Amino acid sequence: MTATKPVNLWTSNEHARDYLERADSISHRNEGESALLEFIPQTTHRILDLGTGDGRLLGLVRREHPDTEAVAVDFSPTMLEAARKRFAGEPSVSVVAHNLDDALPALGKFDAVVSSFAIHHVVHERKRALYAEVYGLLNPGGVFCNLEHVASPNPRLHQEFLERIGFTVETEDPSNKLLDFETQLRWLREIGFGDVDCQWKWRELALLAGMRA
Ligand SMILES: C[S@@+](CC[C@H](N)C(=O)[O-])C[C@H]1O[C@@H](n2cnc3c(N)ncnc32)[C@H](O)[C@@H]1O
């Protein structure tokens with residue numbers, strides 16, 4: 001018997017376009033992004049953005065750290081095109097096509113690995129493996145900042161969150177593979193990250209951060 005492939009709709013142009021149209025209106029996301037920016041060290045030279053989309057988060061980070069080199073990873077053709085357009089005049093940014101279901105390719109070392117609302121699209125086992133790969137990619141003192149969509153502790157709170165962002169359990173993205181933030185923080189500690197904490201949270205949106213000592 002062949003295993004069924006987990007649903008991930010993000011390679012569809014329509015799915016990506018629909019997100020980009022409403023990305024700015026997602027409640028409280030700006031607060032999470034601002035909190036994330038506080039954790040990027042001033043000494044950062046290289047940044048990796050996992051599931052970059054149109055490069056929104058990386059654009060914000062580079063606005064504060066303009067003299068950095070960056071790699072933006074995604075697997076959606078629509079998103080890759082949008083990110084390439086955003087960073088067209090910036091030769092220090094490379095946009096790389098890669099499916100996060102698979103081990104990361106050789107990308108060099110980084111001082112900051114960031115991600116927003118992307119890693120919850122891979123299955124739990126792969127999330128943990130990816131976090132370990134991120135640890136391996138960080139220079140000493142480097143940070144991992146994952147602004148993530150995490151699971152609610154019960155169906156009622158999940159439903160309330162969905163309503164706040166304009167969805168229902170019927171219309172929510174079937175690509176989501178939500179996991180509670182406590183488990184993810186525990187994994188980060190087990191992998192070896194230090195200073196691990198949930199640094200910001202609003203309902204199912206959470207900033208999980210840690211550093212490589
Ligand atoms: C909700 S969007 C977030 C995009 C961007 N980080 C932002 O905050 O606007 C999720 C992103 O994750 C990407 N993604 C989902 N699953 C992926 C996978 N398996 N490999 C690579 N990228 C993936 C999607 O293509 C999309 O760009």
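## Basis of the model

The model is predicted, so local features need pLDDT of at least 70 and side-chain atom pairs count only at pLDDT 80 or more, while totals for chains, interfaces and linings use all residues. Residues are numbered from 1 along each chain as its sequence is written, and side-chain values use heavy atoms, with hydrogens and water left out.

## Nonpolar cores

A nonpolar core is a set of buried Ala, Val, Leu, Ile, Met, Phe, Trp, Tyr and Cys residues joined through side-chain atoms within 4.5 Å. Buried means under 20% relative accessible area, exposed means over 50%, and partly exposed lies in between (1.4 Å probe, protein chains only). The largest nonpolar core has 36 residues, and L36, I40 and C145 touch the most other members. Helix α3 (residues 56-64) gives the largest share of this core, 4 residues. Helices (H or I, at least four residues) and strands (E, at least two) are DSSP runs, numbered from the N terminus.

Which residues does C145 touch, not counting residues up to four places away in sequence? They are L36, F39, I40, V113, V114, S115, L207, L208 and A209; a contact means heavy atoms within 4.5 Å. A second, separate core has 30 residues, including V71, L104, F181 and F193.

## Helix α3

Helix α3 is largely enclosed by the rest of the structure, because 7 of its 9 residues are buried. The buried residues are R56, L57, L58, G59, L60, V61 and R62. They pack against α2, β1 (46-50), β2 (69-74), α4 (77-86), β3 (93-97) and β4.

A salt bridge is a side-chain nitrogen of Lys or Arg within 4 Å of a carboxyl oxygen of Asp or Glu. R62 is buried at 9%, whereas E90 is partly exposed at 27%.

## Other charged residues

The whole structure holds 12 salt bridges. One of them joins R203 and E160, with the closest N and O atoms 3.2 Å apart. R203 lies in the loop between β6 (194-202) and β7 (205-211) and E160 in helix α6 (residues 155-164), so the pair ties together parts 43 residues apart in sequence. R203 is partly exposed at 30%, and E160 is partly exposed at 28%. Salt bridges that share partners also join D24, R29, E33 and R56 into one network.

K127, in helix α5 (residues 124-137), is buried yet has no salt bridge. How far away is the nearest side chain of opposite charge? That side chain, E148, is 6.5 Å from K127; Lys and Arg count as positive and Asp and Glu as negative, while His and the chain ends are not counted. Not counting residues up to four places away in sequence, K127 touches I119, H120, V122, K177, L179, Q184 and W187.

## Aromatic rings

There are 6 aromatic pairs in the structure. Rings of Phe, Tyr and Trp (its six-membered ring) pair if their centres lie within 6.5 Å; planes under 30 degrees apart count as stacked, over 60 as edge-to-face and the rest as tilted. W10 and Y19 form an edge-to-face pair, 5.5 Å centre to centre and 75 degrees between the planes. W10 is buried at 12%, and Y19 is buried at 14%. Ring pairs also link Y131, Y135, F144, W187 and F193 into a cluster.

## Positive phi angles

Most residues other than glycine have a negative phi. H28 has a phi near 65 degrees and is found in the loop between α1 (13-22) and α2 (29-38). F117 has a positive phi of about 55 degrees and is found in the loop between β4 (110-116) and α5. Is each residue buried or partly exposed? H28 is partly exposed at 32% relative accessibility, whereas F117 is buried, with a relative accessible area of 13%.
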